[in-house]
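Me: I have a structure to look at. Can you walk me through it?

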Amino acid sequence: MTSTADIQHAVDPARPPHPRRATWAALRPLVLRLHFYAGILIAPFLLVAATTGLLYAVSFQIEKVVYRHELTAPVSQTSLPLNQQVTAARQALPEGKVTAVQPAAEPGLTTRVLLDVPNLPESTQMAVFVDPGTGQVRGTLESYGSSGALPVRAWISDLHRRLHLGEPGRIYSELAASWLWVVALGGLALWLSRRRRDGRRLRGLLTPDRAATGLRRTLSWHGSVGLWAVLGVLFLSATGLTWSKYAGANIDELRAAFGWATPSISAAPLDHAAHASMGHHNVDLNSDVGVDRVLEVATGTGLSGPLEITWPGETGSPYIAKEIDKTAPTRLDQVAVDPATGYIVGALRFADYPLAAKLTRWGIDAHMGLLFGLVNQIVLAAIAVGLITLIVLGYRMWWRRRPTRGFGRPYPRGGWRGVHWGVLAPLALLALVVGYFLPLMGISLAAFLVIDTLLGLRSRMTG
């Protein structure tokens, strides 16, 4: 609806326009220039992240095909006791120390026994795959992290996270995640403002203008694709930051300060002196009820689906039996079982997690393509393709704006001068706060400002 102020301004141009439109008119050149710089200088990092992310989205299917022999076994009507399967794994890798076992979740799958073996990389264990029907070892592979990624998926994951450059390589992915939301929101504001300026309906923003030609056609595709991809891009940026090196540490501190940290079940040594008061005088505290009894106790408490049983870390510590199904609906309940008695000595239900901890878990699992399975992976692949398309179209627009020689011209500087101090001051404060919590973004933004200032001084001197 047209306001009275807009009508008066149309009749008398000397009258000031609507305050909100006047503010955006002043902010738009500033947003354009920031979007330009971030697009040109950060886009290479975003392109690498999107390309490797696309590869990771299909890595689950690649893993199932490449390691089909190890992951599957002939369907059997009977299953050997879990302890015998673990013994077979020990015999296959006598130098290893068993740390956990994941019983076959359904017929046709193998049992995965995890062992610590000397000289393996950090967060890596050896996985021995055992046929639950015969006890035959189907193969051994390295298994990385809590997701249990096997070599091919672990290689792709490390490529996406740090380009196989170790800890320094994490800077690239954090820089990309830190700027992705800024580029996305800036582009969204610029594209939606065209609807009001050009009188276009929302449908005209969701679909590219096929009648347009040249630069306008490229811009139309860039804006429409961006509008479709913006929510997914913002989600990937937010969740990617949660496990980044510097911003991730700040987020962890913030979550801990508000009591939003993910709870954990105690695996500390038990106080077995308490058994005397419970009447268990004949219990041999050095005995072990065995993994089959632990599995029986865990399933008796309602744990189901894919399970993992973790061995006691030290003498007197409990077994930890936990659900590891990260697909929706999430099943991540855990119980601690006393190895001497087989009694449950602790329990942690996912339903009791703080809401923030649940959202963090779901966000990370969705980012990794686990939460909704194949559908999740297809959506991630589509977002990655959309982001790659946006970057290619963005560079194409930059190239088409170039003069006869050289590269595309940046948008005019000095747009901040037209912004009222009442708007500019909060924006500057917001930039400082965001730069503090996202250090790599703050440093790169400061570098942009220095470069832009130096280029402005040079143009004045040569002009």
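**Charged pairs, turns and confidence**

Me: Arg-331 first. Buried, exposed or partly exposed?
Reply: Arg-331 counts as partly exposed, because its relative accessibility is 29%. Buried means under 20% relative accessible area, exposed over 50%, and partly exposed in between (1.4 Å probe, protein chains only).

Me: Which residue forms a salt bridge with Arg-331?
Reply: Asp-325, with the closest N and O atoms 2.7 Å apart. A salt bridge is a side-chain nitrogen of Lys or Arg within 4 Å of a carboxyl oxygen of Asp or Glu. Asp-325 counts as buried, because its relative accessibility is 11%.

Me: How many salt bridges does the count come to?
Reply: Eleven. One of them joins Asp-365 and Arg-361, again with closest N and O atoms 2.7 Å apart. Helices (H or I, at least four residues) and strands (E, at least two) are DSSP runs, numbered from the N terminus.

Me: And how accessible is Asp-365?
Reply: Asp-365 is buried, at 0% relative accessible area. Arg-361 is partly exposed, at 24%.

Me: Which residues are linked in a network?
Reply: Asp-158, Arg-162, Glu-167, Arg-170 and Lys-245, by salt bridges. Asp-158 and Arg-162 bring their closest N and O atoms to 2.4 Å. That pair lies in helix H6 (residues 151-162), and both residues are buried.

Me: New topic. What is the phi of Leu-163?
Reply: Near 55 degrees, a positive value in a residue other than glycine. His-164 also has a positive phi, about 60 degrees.

Me: Which peptide bond is cis?
Reply: The one from Ala-328 to Pro-329, with omega near -5 degrees. Pro-329 is in the loop between strand S6 (319-323) and strand S7 (334-337).

Me: Last one. What is the mean pLDDT of the chain?
Reply: It is 87, and 86% of the residues reach 70 or more. Residues 1-16 are below 50. pLDDT is the predictor's confidence in each residue, from 0 to 100. Where it is low, the predicted coordinates should not be read in detail.

How values were computed. Residues are numbered from 1 along each chain as its sequence is written. This is a predicted model: local features need pLDDT of at least 70, side-chain atom pairs count only at pLDDT 80 or more; totals for chains, interfaces and linings use all residues. Side-chain values use heavy atoms; hydrogens and water are left out. Contact means heavy atoms within 4.5 Å.
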